[in-house]
Each structure stands twice: as structure tokens, then as C-alpha cells.
Amino acid sequence: MRRAALAIVLGFFLCAPCVVRAQGEFALELQEIKGKAPPGVAEVEKTVSPLPGKPYKVKALPAGLSRHVSYYGVHLAGKPIVMLLDMTEAPKLYVDTNADFDLSNDKPAEGTTEKEQPIPGDANMKTYDFGAFRVEGGEGRAPVMVRAKVAIWGKEGNNYLSLYPAAIRSGQVRLGDKSYTVQLVDADFDGRYDGMASLSTSRDKWDLIAVDLGSQGTAAAQTAPSEEAQPLSKLMRLGGNYYGVQVAADGSTMRLEEAHTALATLDVGQPGVKLTVMSDSGFYSLSGEGKWQLPVGHYQTQRVTLSKTDDKGDVWTLSGSASTGKLKAFDIAEGQTLATKAGPPLVVRTSADNMGARAVSIGVDVTGQAGEKYTPGVAKNGAAEPPPTLRILDESGKVLGAGSFQYG
Ligand SMILES: [Ca+2]
Ligand SMILES: [Ca+2]
């Protein structure tokens, strides 16, 4: 009896530190996006350019089309889908949702105008919204629901069509005593939700995941709260732990398993430097003090942002792609620290190119300590400020000319 009691007490003390973190499989429901798209989803867009003419595979057309039509071809849920835009007074979009190359049996969608953009010189441009359209998924695929947007410039215009997700997969994931809302986006519209991001897969095949960290977001905010969607990856950091991520192809379930991964340290020497880095297994948004623990491996930096808050509380940011310098690609090994100073002091260099008769193009190059490049021009509280201006002075300080830089 005493022995049994001792075993229970011992068992309790032995297990107390090894908190059982729940892991397992979680159901995700297909959820239509009504109204405004959630953050992260709003940026997912696929642009489709008009075809030169009617695709030869199209067997039949709807009756009563106007003379001004555009055709589009796109893959949705793994099927080739033809679309037809009829630019009448009230534009209509036909989508061959049953993928039979017969456009006479598809109910057209009438465009709704969201806004009329009076662009100087293009006063006639109108943006129309169509949909949502649903294309059924085949074996192992989910249905794909999309909305389409077209900016119509004129009846003969080159009217590009943009597709947006009209549905996501959403569900609750429970890890230990914490619950998170998870949303998956089939960002490449192939009817599969398991497009994992890695250095070796093409970016246009990556699907997205958004985790609402809620009140957990503040805890050791090494990884920024992912209210915004990030590329889906095999390994994810949640509530201070790493989890292996598996998603059913049709997105109906998601599996999380705690992963014990070897860690290393990256140290950029100062706060205010935000890095978005990825390896073949994970995608991490790093901010805070400038020193972070990461799973060991080979990394590429996707984006670098410097931020500073002034005495008025306004946040000024400067961003770049880190496509140059020591942070462009790096390796970190178990237990080791990679110390690479990044960010300010910045070096600003100008270069001048003679553009011909009396014109000179002056470029600005902004480089940080790790050799990382920034796009000239700052943003204040997330909104871009006007590009920097330039004055050309003679030796006495008299202004000879002035201009402003243009982005692009
Ligand atoms: Ca059809
Ligand atoms: Ca996909």
C-alpha cells in the first residue's frame, strides 16, 4: 500500500516538469470569405492575362455575346478552366466551372463596381468584381472558390483579370492548455492545402497559414504574432515550442507534433532589426532585441526591416530584400552563435548615369552593416513617405537644380 502511494507521489513529481503538451490531429472546415478578407489572405492574388483569341478547345459559346470579349485560361483545382469576359455596358464573366470547355452551360456572373478610379488620362477605367465561382476538386483535392476582379480600360483594352481566394480552411488547434485559431489558404488555387514552402520549391506553389496567437502573442515575442498569413512550412513555432506540421491534401485536417529540434543563435548586434528568414523546414519572423534562437540549418533572408519609434510615437521603417551581404544566406550549427552586425550605421551612396541630352539619372544605394541593401524611402506608421528630394548646389551653395527620386 505504502509502495503504491510512493509510486503515485514519485510519479507526480517526476511528471510535473514534463508538462504533456497536447498534439494531434485537428479538423479544419471550408469557410467562405464573406466581405473583407482576413489579413494575409487579402494579399493573395493571381493575375491572368487575356489570351490572343478563343482557345481552340472551347466547343460552344453562350448566345448573345457582344463583339467585345476577352478569353482567359487558368488552372483551378488542377483542371484547365476557361473564362470569358463580355464587355457590355454591364460586363459579364462566364467561368467554365464544370471544366467541359462548353461555355454555353455556365451561368454568367454580372460584375459589380466597387470603385471608379479617376486616373488622370484614364478616366474611363472601372473595376468590376465577379463571383464567387466554385470549381469542384477531384481526388484528394478540395473545391476551389475564387472571386475575380477586372479593371476595364476600354472595350478593346488589355483587361487583366485577377483571382482572389473566396474560401479558406479554418479550425481550432489545441496545444496544452492553449487554443489557437488556424486558417489555411490554398494560395495557388490548386485545390490542395499542403503546398509547403521550402528553399527548393517555387514560391508560386506555397500555400499559407495564419495562426491567431491571441493573448499568447506577447509571450517572449521572438516570433512576431502571425496575425498575418505566412508560408506554410514543415516546422512552426507556437507558444515557444516547435511543432512538426502536416496538412491533409484537401485541407480537412492538420496534424501537429511537438518537435525537439537542435537550436543555434543568430545575433545581429542591435534591436530594431526585423528579419524574415526561411530554411527548408521553417519560416520565421524575427524581431525584438536582435538576438534569436533558431533551429539549426541553412537559411535565406527574405526581407529585412529597420524600425525606429520617434518621441511622438510614430514608427519609421526602412525595408529591403537582403539579396546581398552576409545575411543573404547563412548556416547555423547546433549550440553555436552566428554574430553578424546588421542595420545602422547605414552607408548611403549615390550613383549617376548619363541619360543623354541634359539628363542624368541619380540612384541611391542604402547599405547596412551586413551589406544588406535597403530600398531608399521610408515608411511612417506603415505608409510610404514621399521619395527623397535632391538639390544640386554649386560651390557657393547656390541651388542649380532640384528634383525628386522616383521609386521603381
Ligand atoms: Ca461549362
Ligand atoms: Ca495549394
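Colleague: How many residues does the hairpin use to join β5 to β6?

Modeller: Five residues link β5 to β6 in that hairpin. Keep in mind that this is a predicted model.

Colleague: How do the two strands pair, parallel or antiparallel?

Modeller: Antiparallel, with four bridges between β5, residues 79-86, and β6. D86 has K92 in β6 as its bridge partner.

Colleague: And which residue of β7 stands opposite K92?

Modeller: E110 does. β6 and β7, residues 109-110, run antiparallel and are joined by two bridges.

Colleague: Are the residues of β6 buried or exposed?

Modeller: Buried, on both faces. K92 and Y94 lie on one side of the strand, L93 and V95 on the other.

Colleague: Switching topic. Which residues touch the most other members of the largest nonpolar core?

Modeller: M83, V146, L184 and I209. That core has 73 residues.

Colleague: Where does the core lie relative to domain 1 and domain 2?

Modeller: Between them, because both domains give residues to the core. Domain 1 covers 20-34 + 169-259, and domain 2 covers 50-159.

Colleague: What is V146 in contact with, leaving aside neighbours within four places in sequence?

Modeller: L76, G131, A132, F133, L163, Y164, P165, A166 and F189.

Colleague: Now the whole chain. What is its secondary structure?

Modeller: One helix and 33 strands. Of the 408 residues, 28% are buried.

Colleague: What share of contacts with a separation of 6 or more comes from residues 24 or more positions apart?

Modeller: They account for 54%.

Technical notes
Residues numbered from 1 in each chain as written. Chains lettered and ligands numbered in written order. Predicted model: local features only at pLDDT ≥ 70, side-chain atom pairs only at ≥ 80, totals over all residues. Core = buried A, V, L, I, M, F, W, Y, C linked by C-beta atoms within 7 Å. Buried ≥ 20, exposed ≤ 12 C-beta atoms within 10 Å, placed from the backbone. Domains from an automatic or database assignment. Contact = placed C-beta atoms within 7 Å. Pairing = 2+ DSSP bridges.
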